[in-house]
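Hello,

Here is the structure for you to look over. My notes follow below it.

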Amino acid sequence: NTMFSNFIQLSDGNEMPLTGYGLWDVDAAICADQVYAAIKEGYRCFDGACDYGNEMEAGLGIARAIQDGLVQRKELFIVSKLWCTFHDPEHVKTIAQRQLSDWGLEYFNLYLIHFPVALEYVDPSKSYPPGWAASSDPNVKDVTFAHIPMHKTWAAMENLVEQGLTRSIGISNFDTQLINDLFSYARISPAVLQIEHHPYLTQPRLVNYAQARGIAITAYCSFGPQSAVAAKLANVSKLDSLLDHQLIKKISSDHDKSPSQVLLRWATQRGIAVIPKSKNLERMRQNMDMQWNLEDSEIEAISDLNQGLRLNDPVLHGFNVPVFS
Ligand code: NAD
């Protein structure tokens, strides 16, 4: 029954689970245990990144789960991302190898360009992960751009596939113009586009454009302001929570599901993957339940909540990186 399929077919022939476990903001100290617990609960896809600073710990959780016979490597779908300071083709392979070695893996299932922004190289021996501003002083918010055209970074990403370091490659936080440009030179099409996508920021043009070109979408910030509130972004704390929104609450009680499940199903039922994270076992289970459907009219009503509200923008964190218009 494709209606309840738990996988997305990628354009390169690989399959990606519709639900994954996001690793941003998972403390390194508890990350191995979280990953282990998530595998035990049935999660097979993990969304990591150099920038999250917990790849080694995530890898330890995976190694333990494999050792204990909970799962085999081939059943897992491990995602990681190229950070902005490593866009120079001469750094792409070296950093991907370092990330693989941190995870203790021989290959990633999917490796994404985290942001379409090339920043000045930072030697990992000086600072790792370097973050937006490569300064050890947290008050320094200036960034230094690097002049590296995307076609060079993408060619290096394609080499990673050919050399077996990753099965699929993709992009994150790209907009239509740059994706269109990318298709003019890509030998390997991006399999996945990971973007902020929730009822307050639906990005219908970008989603339709990408899907029409065979790019699978992964949504982040599925709960909208929830993650920004958790990240203590003062300017969004006043926003109406989506989890408490009247419409979401009404639909969730009609289906006997939680508001969070409605927000996730709103995405997955349209073939959009989600990567929520919770430390709470009950929520971890809830967030994976895809064996039910919303009415089309409910999906449309939820989409109508769109207000073009972007939450994951480095400018909101004080960094002068105008990635988004
Ligand atoms: P998230 O999934 O952590 O969700 C936000 C908040 O919701 C968290 O505080 C969590 O505790 C809470 N929550 C989780 N399940 C819940 C439930 N069932 N009921 C109530 N509350 C619940 O955060 P996110 O920002 O949506 O990020 C998800 C993942 O997306 C990240 O871990 C990361 O892997 C990825 N991400 C990628 C980018 C990018 O630039 N590519 C940016 C942001 C996040």
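**Cavity and helix contacts**

The lining of the largest cavity has ten nonpolar, four polar and one charged residues (Ala, Val, Leu, Ile, Met, Phe, Trp, Tyr, Cys and Pro count as nonpolar, Asp, Glu, Lys and Arg as charged, the others, Gly among them, as polar). This is a predicted model: local features need pLDDT of at least 70, side-chain atom pairs count only at pLDDT 80 or more, and totals for chains, interfaces and linings use all residues. Residues are numbered from 1 along each chain as its sequence is written, and side-chain values use heavy atoms, with hydrogens and water left out.

A cavity here is a set of points on a 1 Å grid over the protein atoms alone where a 1.4 Å probe fits but cannot get out; lining residues have an atom within 4 Å of a point. Among the 15 lining residues, M16, C45, V79, T218 and I275 lie nearest the centre of the largest cavity.

Now the helices (DSSP runs of H or I, at least four residues, numbered from the N terminus). Axes are lines fitted to C-alpha atoms over the stretch in contact, and angles run from 0 to 180 degrees between N-to-C directions. Helix α8 (residues 246-255) packs on helix α11 (residues 296-303) at about 160 degrees, axes 10 Å apart. That makes the two roughly antiparallel (angles over 145 degrees). L247, I248, I251 and H255 of α8 make the contact with E298, A301 and I302 of α11 (contact means heavy atoms within 4.5 Å). By class, that contact has five nonpolar, one polar and one charged residues.

Best wishes

Terms used:
1 Å grid on protein atoms, 1.4 Å probe; cavity = no way out; pocket = protein on both sides within 12 Å on 5 of 7 lines; lining within 4 Å. Parallel < 35°, antiparallel > 145°, perpendicular 65-115°, else oblique.
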